[in-house]
Amino acid sequence: MSRSPSPDTVLNAPLVSSSLAPPRDIKSAGTTRIDFDGLLREPLLLKEDLKNGCGGQLWPAGMVLSKYMLSRHATDMAGKTIVELGAGGGLVGLAVARGCEIGLPLHITDQIPMFDLMKDNIALNQLDSTVVASVLDWGEPIPSHVPSKPDVILAADCVYFEPAFPLLITTLQDLLGPNSVCYFCYKRRRRADLRFMKMAKKAFDVQEVRDDPHAAEYSRESLYMYTIRVKPTKQPATSKQIPATKETTLLVTEVEK
């Protein structure tokens, strides 16, 4: 059974600015209030707990993607199916559910160790009727209750473990439909991270996000944001019609005889 923090714990939780800072040290469990520099009228409450993995902590790419969605897509998410991959504690999905106009349940997903933390944060923000936590292992079949070919996929800080790169590619191939878009933000920490982007560009249509006014700021921190879509289907080459000539007409006549 999950436990909600005491009122004193929530009221005294620090309010985090979305402005970037040097890499954070791993910290003890606690609850953080986040308003993304005023983009949320009611701050989001995020329980952070690293006992089951590094996904239990807030990381820079999640902050960047959350702020982008709140500032650029607050009013165009209504009626769209939305799935977050590698959600950790659910930062991005919960931010979208709190600050964007959505009409359908939003699904935040991760592995089993993060499941209780996702559910705790959903309850902490009273978003039980809006957000659903699910277990989704990359490379495995998509659970039946998770939307198939969702309109929007959210993925932040999912590039950190090289053996998981092909598994993430497989899951994106399973989820992306002809009308889907994945908003993908990651922090490049190692040269190996470039290998994932090379794999992604080979498999999908990958485009750098160019409508974020804060891009120059966070790119200095090696943070990058892209859209990922299914590659456009190549149209078959149309055959050229050979104009009729006296010789071709005579040949057709002879064949018909």
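These legends accompany several close-up views of a predicted model.

The model is predicted: local features need pLDDT of at least 70, side-chain atom pairs count only at pLDDT 80 or more, and totals for chains, interfaces and linings use all residues. Residue numbers start from 1 along each chain as its sequence is written, and side-chain values use heavy atoms, with hydrogens and water left out.

**View 1. The whole protein, to get our bearings.** The protein has eight helices and 10 strands; these are DSSP runs numbered from the N terminus, with helices (H or I) of at least four residues and strands (E) of at least two. Of its 257 residues, 44% count as buried, where buried means under 20% relative accessible area, exposed over 50%, and partly exposed in between (1.4 Å probe, protein chains only). Take the contacts (heavy atoms within 4.5 Å) between residues at least 6 apart in sequence: 72% of them join residues at least 24 apart. The protein exposes about 14300 Å², and carbon and sulfur atoms supply 53% of that area. Accessible areas come from the Shrake-Rupley method with a 1.4 Å probe, and for residues only the protein chains shown count as cover.

**View 2. The salt bridge between D37 and K67.** The structure holds eight salt bridges, each defined as a side-chain nitrogen of Lys or Arg within 4 Å of a carboxyl oxygen of Asp or Glu. Here D37 pairs with K67, with the closest N and O atoms 3.2 Å apart. The two partners come from distant parts of the chain, 30 residues apart: D37 from the loop between β2 (30-34) and β3 (44-48), K67 from helix α2 (residues 60-72). D37 is partly exposed at 41% relative accessibility, whereas K67 is buried at 16%.

View 3. D157 and R189 meet in a salt bridge at 3.4 Å, N to O. This pair also links distant parts of the chain, 32 residues apart, with D157 in the loop between β7 (152-156) and α5 (165-175) and R189 in the loop between β8 (181-187) and α6 (193-203). D157 is buried, at a relative accessible area of 12%, while R189 is partly exposed at 40%. In the second bridge, E162 joins R195, and the closest N and O atoms are 3.4 Å apart. E162 sits in the loop between β7 and α5 and R195 in helix α6, so this pair ties together parts 33 residues apart in sequence. E162 is partly exposed at 30% relative accessibility, and R195 is partly exposed at 39%.

View 4. W59 is found in the loop between β3 and α2 and is partly exposed at 24% relative accessibility. G86 lies in the loop between β4 (82-85) and α3 (91-99) and is buried at 18%. Setting aside its neighbours within four places in sequence, G86 is in contact with T109, D110, W138, A156 and C158.

View 5. With a disulfide taken as a pair of cysteine sulfur atoms within 2.5 Å, the count comes to zero. For C158, the nearest cysteine sulfur belongs to C182, 8.0 Å away. C158 is buried at 3% relative accessibility, and C185 is buried too, at 0%.
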